[in-house]
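These are my notes from going through the model, entry by entry.

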Amino acid sequence: MKRTALFVLIGLFLLAPLASGPYLLSLLTTLLTFAYLGQAWNIMMGFAGQLSLGHALYVGLGAYVSAALSLFWGIPPILGVFPAMAAAALVGSAIGFLSFRFAVKGVHFTLLTIAFAEIARLTFQHLSALGGTGGLFLPVEARTGVDLIHLRGDPRMFYYVILAMAAALFLACRALMASPLGYRWQALREDPAAAESLGVNLLRVKLAAIALSAALTAAGGVFTAFFYNALFPDQWFGLGYSIEIILAPIIGGLGTLFGPILGAILLTPLGEAITAVTDGLGWQSAGIKPFCYGVCLLLIVKFLPDGIWPAIRKRLP
Amino acid sequence: MGPKISRRQMVAGATAAVFAPALRLSAAAPLKVGLLLPLSGALAREGQSCKRGADVSTGVLAQLGLPIELTVADTETNIDTARTRAEKLIADGAQVLVGAFDSAHTMAVAQVCEQRGVPLIINIAAAPNITEQGFRTVFRNFPTAGRLTTDGLSLIKDLLSVTGLKVEKAAFLHNNDTFGQAMAGAIGKLAPGLELPFAIGETIAYDGAARDYAVEIGRAKASGADLVLMISHGEDAIKLIREMVKQRFEPKAIISPGSPGMYEAQFYKTLGKFGDYAITNLPWINPRAPLSKTLLAAFGKQFPDALFEMNVGFTFEAILIAADAARRAGSTASKGLLEALPMTNLSEHVMIGGPIAFDGKGQNNNIHSAAIQNRDSRPVVVLPNENAEMTPVLPMPGWQKR
């Protein structure tokens, strides 16, 4: 049943651009971006139980590194993605090492992730070589055709790129969950003391989680950089963006494979639906949408505290 | 006895008469304008201010025979939302987009417009790169960041020259937020080349959220500065002036080379006479233009408690540009608008500067900043002379002599 549902979902996503106009395509691209980023974050929190509220740091790093490599050295994003992922993995590992080596955990670790994202935001604001507060712009060329090497093309190409990335990450996470490392992460998440007593090297598995999650998030950053072509530190390193990343997996179901996807499928159109309804009712007041959005999130968290996917899974034959 | 005609109606009638040759009545269907603004989120205050300009535009443009149908979309100060809202507006039939206040959001919207062949008229967004991308559909009626700062600093020289005021040393106080840092960086780069007749001594960055600025003003006072250059962003301007009064720091002039804070309703309300004589250099409405008078009258009627500011004027002008293009094209279709927009030559408009016209990159280079001095708790144009409502008063009268 689950497999059938998965195939139907993949089929729908593959065929969607044929039936959708530019607006729907734009919405689906946003949806898949958050599904991808949520899945990458889920490795750290959902699988390994380490809460990061500063994942925008890795999106920003990925975006800036790949954009700078392309702008200043002509390195296309298809190659630039590797140094971008490596840089994010390195920074993530450094933060993880500093924290885990010195037993910084729980909320204190979470605060540290926020602090590092803020440090990065302020640092990039002062890096005039990368545009500082004035922003870093990638040249926008004619967006027709398909150039995967330079990530240049029409919105449909970007849609399929992020669809491929989200699908690949889903499969990778599925394999990871069933791997020895995945089991160690789950042991760490459920009971660190018990895991350690069984011989799990906690420092090593935590570092693996943060490095992998950071690197994969940075790959998402590369996509966003070349999709939007304009990078501003406030936009890509901000706490608001970190929160946006984690909403889909939390609402969809933490630690599950389908959770981030389902969360994104629900949340992205939810915002649009609220706008349509409030506009239709003539409630034009600014802020009504965030208010309604917040109420919906509260209701989901109240009635489905484990997320939507676990609730659905229970009912599946 | 015939019906009485009010002064407002007279001004509106006169404006319509002035425009009649240029802006002939159009019997065509109204132009569908999609307006993108950050009405909620971090930039909500600025977005709401822009929206007031749009709200008032429908009536004013209708008087001029330029009917528009306006749909406003909230970008929520979010780049993803800005892009999807732009797509939605176009899907819903918008023939031209106007917006989007923030440079990052504007860049995202610009790419959508380029893709869809729909014109975008930028009301406010200062990043120079937006018009350096070779877009065919993007037209900006707002100065670039560099131009804003250069004009802001040059006007200080003009103010000193016109008033004969001699100052030797300036203290530069700036908010340490993104905007303040960007402005401070630009001023640091541009000031040496402008040969300002004073030295910028103490540069003091402050936290916009601080409770008071006793230390910062103390430092400025101790530096012996007789001119205060200020880049504020809101309430901080009130706190800074208050602290100057408290510490009896009496600079000869307080000038902002282009930042919000000192020309806002709250500033006037809170500081009263102590807010007077402070100067801000920025693009402003031309109080002498006939269309400005019509707009100001309509604005005052619709928003009696709101202050007319730069955001209002530029948002109105962006919509005016779209409506004018539709009139000249004789069509509201995006294709026709795209052919008409590069030929824009609007001499009757509201902001200070020459006729609205776009260069090959879609940038209007004819916008000029003005020096706005607070007088009797309202912003008054004091420079350039041809637009001035009053002459500038410098040095400022002492705090206790007002």
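I count two strands as paired if DSSP finds at least two bridges between them. Helices (H or I, at least four residues) and strands (E, at least two) are DSSP runs, numbered from the N terminus. The model is a predicted one: local features need pLDDT of at least 70, side-chain atom pairs count only at pLDDT 80 or more, and totals for chains, interfaces and linings use all residues. Residues are numbered from 1 along each chain as its sequence is written, and chains are lettered from A and ligands numbered from 1 in the order in which they are written.

**Entry 1: the parallel sheet of chain B**

I looked up strand β1 (residues 31-37) of chain B; β1(B) pairs with β2(B) in the parallel sense over 7 bridges. Within this pair, Leu35(B) stands opposite Val72(B) of β2(B). The two strands belong to an open sheet of 5 strands in chain B, ordered β2-β1-β3-β4-β5, with parallel pairing. Its edge strands, each pairing on one side only, are β2 (68-74) and β5 (138-140) of chain B. From one strand to the next, the twist averages 25°.

For angles I use axes that are lines fitted to C-alpha atoms, for helices over the stretch in contact; angles run from 0 to 180 degrees between N-to-C directions. For contacts, two residues qualify if their C-beta atoms, placed from the backbone, lie within 7 Å. On these terms α2(B) lies across β1 and β2 of chain B and runs at about 170° to β2(B).

**Entry 2: a helix pair in chain B**

Two packed helices are described by the angle between their axes and the distance between the axes. I checked helix α2 (residues 44-63) of chain B against helix α10 (residues 290-302) of chain B: the axes come within 10 Å and cross at roughly 125°. Angles under 35 degrees count as roughly parallel, over 145 as roughly antiparallel, 65 to 115 as roughly perpendicular and the rest as oblique. α2(B) and α10(B) are therefore oblique to each other.

Which residues make the contact between α2(B) and α10(B)? From α2(B) I list Asp55(B), Val56(B), Gly59(B) and Val60(B), and from α10(B) Thr294(B), Leu295(B), Ala298(B), Phe299(B) and Gln302(B). By class, the residues of this contact are 5 nonpolar, 3 polar and 1 charged. For classes, Ala, Val, Leu, Ile, Met, Phe, Trp, Tyr, Cys and Pro count as nonpolar, Asp, Glu, Lys and Arg as charged, and the others, Gly among them, as polar.

**Entry 3: the mixed sheet of chain B**

I then turned to an open sheet of 7 strands in chain B, with mixed pairing and the order β7-β6-β8-β9-β10-β11-β12. The edge strands, β7 (199-206) and β12 (379-383) of chain B, each pair on one side only. Neighbouring strands of this sheet are turned by 30° against each other on average, direction ignored.

Strand β6 (residues 169-175) of chain B runs parallel to strand β8 (residues 227-231) of chain B, and 5 bridges join them. Leu173(B) has Met230(B) of β8(B) as its bridge partner. Helix α6 (residues 178-190) of chain B packs on the sheet and touches β6 and β8 of chain B; the direction of α6 makes about 150° with that of β6(B). Helix α7 (residues 214-222) of chain B lies across β6, β7 and β8 of chain B, at about 175° to β7(B).

**Entry 4: backbone details**

I noted a cis peptide bond between Gly99(B) and Ala100(B), with omega about 0°. Ala100(B) sits in the loop between β3 (96-99) and α4 (103-116) of chain B. Another cis peptide bond joins Leu394(B) and Pro395(B), again with omega about 0°; Pro395(B) is in the segment after β12 of chain B. Arg248(B), in the loop between α8 (235-246) and β9 (253-256) of chain B, has a positive phi near 55° in a residue other than glycine.

**Entry 5: domains and chains**

I took the division of chain B as domain 1 (7-145 + 286-368) and domain 2 (146-285 + 370-401); domain bounds come from an automatic or database domain assignment. The C-alpha centres of these domains of chain B lie 30 Å apart. Between them, 19 residues of domain 1 of chain B are in contact with 18 residues of domain 2 of chain B.
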